[in-house]
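This briefing goes through a single chain, from its overall build to individual residues. Please keep the sequence and the model open alongside the text.

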Amino acid sequence: MEGFSIILLFFTFWFFIAPKNIWQYFMSMNSAFLELFSLPLLVQTFFRPWKNEYRKGLVSFAIGMGMTIKSFVILVDIVLFAVLIAGELLLLLLFLCWPFITVAILFV
């Protein structure tokens, strides 16, 4: 009977508790990534001039240059964020499959 409770405890931990904690960690890491790479701030200030250049005659150029540079930076941020999300999902899937992979390696 005690062996069954240990197995049940293991599966409860491995498939419910640990994935929840890993998910919370990944959400914290995603939040830090977005803060570090300033993606929300770049989107909010997309139509503002780069480096707040408001001299007469340069405003439209500064806005256009800011939009150009921010477009490139936002695109790079989105690609990096997508790679991060894909890596997180792969790690979570690998973690969930690890017991089955171990059994397959041992007995097949």
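The chain contains 3 helices and 0 strands, and its elements run α-α-α from the N terminus on. Its radius of gyration is 23 Å, well over the 13 Å that the globule rule gives for 108 residues, so the chain is more spread out than a compact globule. The model is a predicted one, and the values below are to be read with that in mind.

**Overall dimensions and surface**

- The C-alpha trace of the chain spans about 80 × 25 × 15 Å along its principal axes.
- Of the 108 residues of the chain, 18% count as buried, while the accessible surface comes to about 8,400 Å², of which 78% belongs to carbon and sulfur atoms.
- When contacts between residues at least 6 apart in sequence are considered, 70% of them join residues at least 24 apart.

**The nonpolar patch**

- L36, F37, F72, V76 and L80 make a nonpolar surface patch of about 480 Å², to which helix 1 (2-37) and helix 3 each supply at least two residues.
- Helix 3 gives the largest share of the nonpolar patch, namely 3 residues.
- F72, one of the residues of the patch, is found in helix 3 and is exposed, because its relative accessible area of 57% lies over the 50% cut-off.

- E88 lies in helix 3, which covers residues 59-107, and it is buried yet has no salt bridge, the nearest side chain of opposite charge being that of K20, 17 Å away.
- Not counting residues up to four places away in sequence, E88 touches F26, M29 and N30.
- D77 is also found in helix 3, and with a relative accessible area of 4% this residue is buried, since the cut-off for burial is under 20%.
- Leaving aside neighbours within four places in sequence, D77 is in contact with F33, F37, L39 and L42, and one of these residues, F37, takes part in the nonpolar patch described above.
- The C-alpha atoms of D77 and F47 are separated by 18 Å, the two residues being 30 residues apart along the chain.
- K70, another residue found in helix 3, is buried with a relative accessible area of 4%.
- The residues that K70 touches are L42, T45, F46, R48, P49 and W50, not counting residues up to four places away in sequence; among them is L42, which is also in contact with D77.

- Most residues other than glycine have a negative phi.
- S38 has its place in the loop between helix 1 and helix 2, the latter comprising residues 39-44, and at 28% relative accessibility it counts as partly exposed.

**Separations along the chain and in space**

- I7 is found in helix 1 and counts as partly exposed at 47% relative accessibility, because this value lies between the 20% and 50% cut-offs.
- From C-alpha to C-alpha, I7 and V43 are 49 Å apart in space, with 36 residues separating them in sequence.
- For K70 and I101, which are 31 residues apart in sequence, the corresponding C-alpha to C-alpha distance is 44 Å.

Technical notes: Residues are numbered from 1 along each chain as its sequence is written. Side-chain values use heavy atoms; hydrogens and water are left out. Helices (H or I, at least four residues) and strands (E, at least two) are DSSP runs, numbered from the N terminus. Buried means under 20% relative accessible area, exposed over 50%, partly exposed in between (1.4 Å probe, protein chains only). Lys and Arg count as positive and Asp and Glu as negative; His and the chain ends are not counted. A salt bridge is a side-chain nitrogen of Lys or Arg within 4 Å of a carboxyl oxygen of Asp or Glu. Contact means heavy atoms within 4.5 Å. Patches are made of residues with over 30% relative accessible area and no salt bridge: like charges are joined within 9 Å, nonpolar side chains (Val, Leu, Ile, Met, Phe, Trp, Tyr) within 5 Å. Accessible areas come from the Shrake-Rupley method with a 1.4 Å probe; for residues, only the protein chains shown count as cover. The radius of gyration is taken over C-alpha atoms; the globule rule is 2.2 Å times the number of residues to the power 0.38.
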